[in-house]
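Subject: Structure handover

Hi,

Here is the structure you were waiting for. Please open it alongside the notes below.

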Amino acid sequence: MAEQVALVIGGILGGLLLLLLLLIGVSCCLWKRLRALFTYEELPGTKAVSSSQGNKICSPDARTQASRPPGVPFVVPPSIQSRDWVPLSSGEWAQTPQDPCPAPELLPQATNSSFGGTCVVGTINPELYKFPEDQSETDFPEGCLGRLWFSVEYQQEAERLLVGLIRAQRLQAPSETCSPLVKLHLLPDERRFLQSKTKRRTASPQFDEHFIFQVSSKSVTQRVLRFSVYHVDKQRKHQLLGQVLFPLKKEILAGDCQRIIWRDLEAESLEPPSEFGDLQFCLSYNDCLNRLTVVVLRAKGLRLQEDMSFVSVFVKVSLMNHNKFVKSKKTSAVLGSASPVYSETFSFRVDPAELDTASLSLTVLQSTGEDRSHELGRVVVGPYMYARGKELEHWNEMLSKPKELVRRWHALCCTTEL
């Protein structure tokens, strides 16, 4: 029994001795590390790089030479011996960049610096943080009648078209003061419209009004929003300042999200339409890309053959060369309107050598059912070989103004007259 007690006491003492030795070893390691951290002292006799060396910023010959006096336990590790160290005014040390001479234009031009001759590596260029300027607020073309901002959103489930009338700018009133209001039509319905409030004595009104049109999802893409801006004079007479025609395309109404759009006002043509109607389109030729562009805008005064509620009208654009058919493209069909709006763009590849023999034929067609169509009129534009009058002038103006869209109205002619 006494032997067992002696063995237990011996085991306990041995364990305590081993624990004591382990604690002593850990304490020695910690002491060595702490001592190594606190052995770094500020080197006396060091001097910062002089900042009065003309315009030579951080020249290679102006490096700080920090001499180590005897007795100071400071050793630079081999991995960073080739780097330069400069003292800061607060007694700390900072490493200079690898390139001792950064470009002078990247450094701040400050003469009084609390860092003495220390080179500042990073500077902020404010030009990189500027937001791009909104061109819709400043870029107004010459002869602009005004600019209108609005939003469009179509709700598929409720079949509702939500239109937000936001504001207008630079309206050209016939008098010194302008009191505008806006009428909204969903063409081809000319009888019903919605109207905004009149804003008094301002050429840049802020409307912030919302309107709702009930329209089916099948016909909404064939409708056109028309914003008619009027000036209300003292006798409460309405004088038209301009209008905006906005076709409701699929890509605009997709996504059930609100889109903010701006458009410049257009003057309403006061000239009566020709016998078969008129067609408005733009022409442009890019001589660098050899690309002929046609933008079909709208038509008016068309002589439809059937009930307007059951017909659709589209435009066929054909490229001809030496009276031979090359290629044709069609606009989307607009339902039941004698004044359809398209705003669709088509491009054709035409070499510069072919401009004297090429021509464009724009034909307005009316769908009559069973994949049949009836021709309402046609316009041919091209060089002197194929066109005369306004059609020839339009073609020549396009060639004289490369890369610019030239817009004009043209009277439709019957096929037998061509």
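The chain's secondary structure amounts to four helices and 19 strands. Helices (H or I, at least four residues) and strands (E, at least two) are DSSP runs, numbered from the N terminus. This is a predicted model: local features need pLDDT of at least 70, side-chain atom pairs count only at pLDDT 80 or more, and totals for chains, interfaces and linings use all residues. Residues are numbered from 1 along each chain as its sequence is written, and side-chain values use heavy atoms, with hydrogens and water left out.

Overall figures come next. Of the 418 residues in the chain, 36% are buried. Buried means under 20% relative accessible area, exposed over 50%, and partly exposed in between (1.4 Å probe, protein chains only). The chain exposes about 26,700 Å², and carbon and sulfur atoms supply 54% of that. Accessible areas come from the Shrake-Rupley method with a 1.4 Å probe; for residues, only the protein chains shown count as cover. Take the contacts between residues at least 6 apart in sequence: 61% join residues at least 24 apart. Contact means heavy atoms within 4.5 Å.

Now the sheet. Four strands make an open sheet, ordered β16-β12-β11-β19, with antiparallel pairing. β16 (341-349) and β19 (406-411) are at the edges with a single partner strand each, so one side of each has no neighbour in the sheet. From one strand to the next, the twist averages 25°. Two strands pair if DSSP finds at least two bridges between them. Strand β11 (residues 278-286) and strand β12 (residues 291-300) are joined by nine bridges. L283 sits opposite V294 in β12. Helix α4 (residues 389-400) lies across β11, β12 and β19, and runs at about 170° to β19. Axes are lines fitted to C-alpha atoms, for helices over the stretch in contact, and angles run from 0 to 180 degrees between N-to-C directions.

Two residues to look at. M1 is in the segment before α1 (2-37). M1 is exposed, at 78% relative accessible area. N321 belongs to strand β13 (residues 312-321). N321 is buried, at 18% relative accessible area. Beyond its neighbours within four places in sequence, N321 contacts V326, E354, T357 and A358.

Best wishes
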